[in-house]
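Subject: Structure handover

Hello,

Please find the structure below. My notes on the disulfides follow it.

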Amino acid sequence: MTKINLSILALGVTLLLLGTGAQNPKKRPAPSKPPKVQCCDEVRSLKVQVANLTSLLEELGRKQKTDMMNVVRQIMELVKQDHQLEGRVTEAESKYSEINNRVEIMQLQTLQSATQTSSDATYDCASLYGKSYKISGEYKLPKDEFLGAPELSVFCDMETNGGGWTLIQRRKIGLTSFNRDWKQYKNGFGSIRGDFWLGNDHIFRLTRQPSTLRIELEDWEGQTRYAEYGFFTVGNELNSYKLFIANYSGNAGDSLRYHNNTNFSTMNKDNDKCVDDCAALRKGGYWYNCCTDSNLNGILYRYGEHTKGTDGITWYAWHGPNYSLKRVEMKVRPAGFQP
Ligand SMILES: [Ca+2]
């Protein structure tokens, strides 16, 4: 063989080899190409499914998270409400306890003021009436430094016109003389169940509060009349127990008006508005003017004798200057008294 022949042969072989070599790699993927596409589609589908599931899970997770958050929020809200309720309960409890405290303080204060003004409760017959003592009779008013009130026996009329009356004078028996001196009229005399004068100091003290005076009269024929003064007070001893009255009502006539604004006089103290000595003339202690239109502390003349003098127990507006009445009661109570 020649060198050219050999070269042609080698080229031929090379070409052949090249030809087969190029054909083989092309032929290998051809049969595996269809399964590879199928696999990828499945994978893709799976991937999509996975993605979907993931997104679903994520969504669920989010939802769960949101739900969880909501639950937590609700729990927190409940806790908050519970706290608020608890707060309200505490607040209510503290308010209740505060109110309770105040009530206790008020009760204590009431008790203290009741103790402090205990004599206010027993200051006179009206206060006794207020404490449900509603039977007429003798009562003892206790001493009270706070009100400057001494212990005092009084007679209470708990029936007439609503009751609550403290008697300051009574005439009915006639054995007790009323022709007495200043000091005796000042402190009082007689028997609380019989004839007596309560005492100008006591009358002054009783009428320091706005008071009403009621005068009840009885004649020897058994008739009764009364005179009431809606306003009644007397001055203190320095002012000679000066009389102040107003607002008359009644059926006996107004025979005390003439004595209004006059000082008290007794046998040993002529404070009247007359050159005469009215107390000596009328035989009693009274708010003499010049001298009388009434003389309730005069002499109690018995039946038969009762028209013979001008120094008897008189009430001019009813029986004139020469008729001595059989029975008299003078009584006071606070002006605002409500039975
Ligand atoms: Ca005189």
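What pLDDT does the chain average? The average is 85, and 83% of the residues score at least 70; pLDDT is the predictor's confidence in each residue, from 0 to 100.

This is a predicted model, in which local features need pLDDT of at least 70 and side-chain atom pairs count only at pLDDT 80 or more, while totals for chains, interfaces and linings use all residues. Residues are numbered from 1 along each chain as its sequence is written, and side-chain values use heavy atoms, with hydrogens and water left out.

One stretch needs a caution. Over residues 1-28 the pLDDT stays under 50, and the model has one contact beyond four places in sequence for them (a contact means heavy atoms within 4.5 Å). Where pLDDT is low, the predicted coordinates should not be read in detail.

Now the cysteines. The structure holds three disulfides, a disulfide being a pair of cysteine sulfur atoms within 2.5 Å. With the bonded cysteines of the chain numbered in sequence order, they pair 1-2, 3-5, 4-6.

C125 and C156 are bonded with their sulfur atoms 2.0 Å apart. C125 sits in helix α4 (residues 125-130) and C156 in strand β2 (residues 152-157), so this pair ties together parts that are 31 residues apart in sequence. Helices (H or I, at least four residues) and strands (E, at least two) are DSSP runs, numbered from the N terminus. The torsion about the S-S bond of C125 and C156 is about -75°, so the disulfide is left-handed. C125 is buried at a relative accessible area of 0%, and C156 is buried at 0% as well. Buried means under 20% relative accessible area, exposed over 50%, and partly exposed in between (1.4 Å probe, protein chains only).

C274 and C290 form a disulfide with 1.8 Å between the sulfur atoms. C274 lies in the loop between β8 (243-250) and α7 (278-282), and C290 in the loop between α7 and β9 (294-295), so the pair ties together parts 16 residues apart in sequence. Here the S-S torsion is about 40°, so the disulfide is right-handed. C274 is buried, with a relative accessible area of 14%, whereas C290 is partly exposed at 37%.

C278 is joined to C291, S to S 1.9 Å. C278 belongs to helix α7 and C291 to the loop between α7 and β9, so parts that are 13 residues apart in sequence are tied together. The link of C278 and C291 is left-handed, with -80° about the S-S bond. Both C278 and C291 are buried.

Regards
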